[in-house]
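Here's a quick briefing to get you started. Have a look at the sequence and the structure first, then read on.

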Amino acid sequence: MRILVVGGGTGGTIVANNLARRLAGEIRSKKAQITMLSASDQHMYQPGLLYVAFGQMMPDELYRDQKSLLEASIEFHVDPVERFELDQNQVRTHSGKTIPYDVLVIATGSRIVPEEVPGLAEGGETFYTEEAAVKMFKALRAFEGGNVGIVVGVPHKCPIAPVEVTFSLHDYFKTRGIRDKVHIKYHYPINRIHTIENVAIWAKPEFDRIGVEYETLFNVDEVDAKNKVVKSMEGTEYAYDLLIYIPPHRGMEVIEQNKLGEGGWIPTDRSQLKMQGYDNVYVVGDTTNLPVSKTGSAAHFEAEVIAENIASNIKIGSAVRDYDGKVYCFIEAGHDRATYAMFNYENPPDLKPPNQPMHWFKMSYNKMYWTSVRGLL
Amino acid sequence: MSETKIVDARNTFCPGPLMELIQYMKRAEVGDTLELLSTDNGTVNDVPEWVNKVGHEMVSSEKIEEVWHIKVRKTK
Ligand SMILES: Cc1cc2nc3c(=O)[nH]c(=O)nc-3n(C[C@H](O)[C@H](O)[C@H](O)COP(=O)(O)OP(=O)(O)OC[C@H]3O[C@@H](n4cnc5c(N)ncnc54)[C@H](O)[C@@H]3O)c2cc1C
């Protein structure tokens, strides 16, 4: 049984490690083999980028060698896939190799496409890449006061990020002693300040308390970087001195080029996480088209279900688990308090008031992540 | 050629039905009709509010066996 995992980020790494342990006997007796192909020899802890943008973490703290995170029995190559030939059960890679498989797991993640909004990249700051997060920090440090606008592209990974960055901006300017010189305005695409109703209900009075203004039904359409004005599809605009944006996303180009899914999002079965129409292709993490938050947390829970089912199929010829849509997200409510949201397809989250221990739990998780992707947590 | 695409946002709290619809509307062609499926009762008010503000067109909205079917046409 040849299992091929394409993508060495959160989802792919957890699937591969979990499987390597479940199938240790089969791998030893050469009945199973796990190969991972990725686009990089490095693994980035992406949630750390928010801390880089506020000077609380250095970029080098976000990386580990991908190989060091994998069980020794997993064959790992940095050789990105360029062609998916699903009907022939094989992929072709950048280096020209053809790799056949019996079971394929696609875990290629998503990419930011700020260029879909004219002027956004030129006019704004973001923290969704290492380079951007460092640049955003320098812009914040140089800022002496004025209008700060936060705008949100659709779709985006980490749906909690818009509120987290807003709380962090408030705390950052307060610490610098210039909060009274800064006007913060938050703009959100739908008709409440967060898509999760209970998050919106909790965040609204918090925004009122800390003096953050908000506008809903604001889908960023265009940025006039020269005159520093951001315009919405809905016909409103905001004159900013500093614009912070959550970029719109797409799945990876390779997914679009191979016509696996519109926008790079692969049509995926909600509970078995198989690509629609293919019994031996699983999809995990950001690249699914599931109506589930694009988070490391969703990728993690999906990965466990996929690994358990691939292993049980080999051992007893049947899947044993369904994915129930579970997501667990920490919510940083500034630089010293946090809460969390846990939900699935059926049950909305019940939000607790933020507290300091939860913030320290998140800070510890920033380190524990590496244990978690190794499959030890 | 315009066509009707289904956006299945049943049982989702995040990103949620309206966010899903906005995503698909951005990628649709002018003239396309999208049919949003939602189990969230708030959707029946949320969607027209957004559609009217942006200037797209509400085609229909009905509840069939606990699922809202909301059709919207992209006009620009
Ligand atoms: C600023 C920020 C904050 C975030 N905060 C949180 C948070 O607080 N909580 C949370 O749960 N999530 C958070 N996330 C989201 C989380 O990081 C992602 O949702 C998660 O990493 C998705 O996992 P994935 O496996 O789908 O993709 P990724 O982890 O992005 O991995 C994709 C992998 O695919 C590889 N790849 C790409 N193309 C190819 C190819 N052609 N062939 C082979 N390999 C390929 C890449 O090299 C990479 O290894 C945050 C993200 C950002 C950017």
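Helices (H or I, at least four residues) and strands (E, at least two) are DSSP runs, numbered from the N terminus. This is a predicted model, where local features need pLDDT of at least 70, side-chain atom pairs count only at pLDDT 80 or more, and totals for chains, interfaces and linings use all residues. Residues are numbered from 1 along each chain as its sequence is written, chains are lettered from A in the order in which they are written, and side-chain values use heavy atoms, with hydrogens and water left out.

**E71(A)**
- You'll find E71(A) in the loop between α4 (66-69) and β5 (75-78) of chain A.
- E71(A) counts as partly exposed because its relative accessibility is 28% (buried is under 20%, exposed over 50%, partly exposed in between, with a 1.4 Å probe and protein chains only).
- Between the C-alpha atoms of E71(A) and G375(A) there are 9.4 Å in space, though the two sit 304 residues apart in sequence.
- Leaving out residues up to four places away in sequence, E71(A) touches N17(A), A20(A) and R21(A) (contact means heavy atoms within 4.5 Å).

**E234(A)**
- E234(A) sits in the loop between β15 (229-232) and β16 (237-239) of chain A.
- E234(A) is buried but has no salt bridge (a side-chain nitrogen of Lys or Arg within 4 Å of a carboxyl oxygen of Asp or Glu).
- The nearest side chain of opposite charge to E234(A) is K53(B), 6.4 Å away.
- Among the residues that E234(A) touches are P189(A), W50(B) and V54(B).

Note on methods. Lys, Arg positive; Asp, Glu negative; His and termini not counted.
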